[in-house]
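Me: Hi! I'm new to this one and would like a quick tour. Could you walk me through it?

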Amino acid sequence: MSRRRSTNDEEMEDNDVSQNFEVEQDDGNRRQIRHQYRELMQSMQQHREDMLSSRSNKLTDTLQAANQLFAEVSKPREAALDAQFLVLATNLGKEKANQLQADMTVFDPTSFAEDLLSFMGINRLENADSDSEDEDGSKGYLSKDAWQKLGTEADKYFKRTPTFHFMLGSFKTEPPVMRQKIERQKRASKVAEKGVMPAQLKKMEESHQEATEKEVERILGFLQTYFREDPDTPISFFDFVIDPNSFARTIENIFHVSFIIRDGFARIKLDQDKLPIIEPISQESESQVDKDNQPRYQGVISLSHQDWTEIVKTFEITEPMIPPS
């Protein structure tokens, strides 16, 4: 047991020694990295003018050295030095860029004017030294073709405007032929057609309206007859309008009954089972209460073929109360 303990103690001591060695080596590398960062920042401040020069690449070399040094950074203290170095390098790069832009945008109007005069045939320096006059007796004036010479040279550097032309050929200058008589005939025929069509439609509407009114009166007569025969028994709305032999006639019956209710000749109520019943309105109640002042409510009934079949089976409707016309 004593031998085992001694070996374990020796192994623990070896591990502690190796860890201490690694910590010391890591601290040494970090100190070296911080020292190199400080040297780079000091070098940037000392050689500031060289780095701002457009002919020198010293700023680029310094940034590349800082990038290689940043690859070994693993702690916040060294990263803070890198950020401080980056701020200094950014400021220098901004100043250098401003100087380059200023050099590019410099324009000297005096020198530009001297160049134009020289191109057009006048050199002020030569004319100032010599007192000789030109052939026409003038001294230091432009010749007659000076501006033409400048315009011919400048014309080479401008895009020329294309000549005017028609995309689809030339326009016809001849006036169009007037056709008043033909247009009047066409207009007259159109007016006649428009006058015929409404008359036909009006006749169709009148005939359809008459047929609807007759069918509404016929159905109202059936309703009043059933109610007089047994006034104590309420008439089911489904029994009255459903035709067990035809789904289409059922829809027509509902359509015509809606006019009876709209005009105030009948009303729909709910019985004790919450099912709709229909009953006519007597003439005495019509005289007592003004139909125009009564509140009226409208509703939309949705009835599919499947609903019609289920109603016929549920209410056991075998014969229609409204026979087909």
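Reply: Happy to! One term before we start: a residue is called buried when its relative accessible area is under 20%, and exposed when that area is over 50%. Also, please keep in mind that this is a predicted model.

Me: Okay, let me try that term out. Is Thr212 buried or exposed?
Reply: Thr212 counts as buried, because its relative accessibility is 14% and the cut-off for buried is under 20%. Thr212 is found in helix H8.

Me: What is Thr212 in contact with, leaving aside its neighbours within four places in sequence?
Reply: Thr212 is in contact with Phe255, His256 and Phe259, once those neighbours are left aside. His256 is one of the buried residues of helix H10.

Me: Tell me about H10, then. How many residues does H10 have, and what does it reach from its first C-alpha to its last?
Reply: H10 covers residues 247-262, which makes 16 residues. From first C-alpha to last, H10 reaches 23 Å, close to the 22 Å expected at 1.5 Å a residue.

Me: And which residues in H10 are buried?
Reply: Thr250, Asn253, Ile254, His256, Val257 and Ile260 are buried in H10. As background, an α-helix has 3.6 residues a turn, so residues three or four places apart point the same way.

Me: Which residue takes a positive phi just after H5?
Reply: That one is Gly121, with a positive phi of about 110°. Helix H5 itself runs over residues 109-120 and reaches 16 Å from its first C-alpha to its last, close to the 16 Å expected.

Me: Switching topic: how many residues are in the largest nonpolar core?
Reply: The largest nonpolar core has 20 residues. Phe240, Val241, Ile242, Val257 and Ile278 are those with the most contacts inside this core. Helices H8, H9, H10 and H12 each supply at least two of its residues, and the largest share, four residues, comes from H8.

Me: What does Ile242 touch?
Reply: Not counting residues up to four places away in sequence, Ile242 touches Thr250, Trp308, Ile311, Val312, Ile317 and Pro320. There is also a second, separate core of 15 residues, which includes Met44, Leu59, Ala66 and Phe85.

Me: We've talked helices a lot. How many helices and strands does the protein chain have?
Reply: The protein chain has twelve helices and three strands. An open sheet of three strands has the order E1-E3-E2, with antiparallel pairing. Its edge strands are E1 (235-236) and E2 (266-270), each pairing on one side only.

Me: How many bridges join E2 to E3?
Reply: Five bridges join that antiparallel pair, and Leu270 stands opposite Pro276 in E3. E1 and E3 pair over two bridges, with Ser236 opposite Ile277 in E3.

Me: And what about the hairpin of E2 and E3? How many residues are between the strands?
Reply: Five residues are between the strands of that hairpin, and Lys274 takes a positive phi near 60°.

Note on methods. Residues numbered from 1 in each chain as written. Predicted model: local features only at pLDDT ≥ 70, side-chain atom pairs only at ≥ 80, totals over all residues. Heavy atoms only, no water. Expected span 1.5 Å × (residues − 1). Buried < 20%, exposed > 50% of the residue type's maximum accessible area, 1.4 Å probe, protein only. Core = buried A, V, L, I, M, F, W, Y, C linked by side-chain atoms within 4.5 Å. Contact = heavy atoms within 4.5 Å. Pairing = 2+ DSSP bridges.
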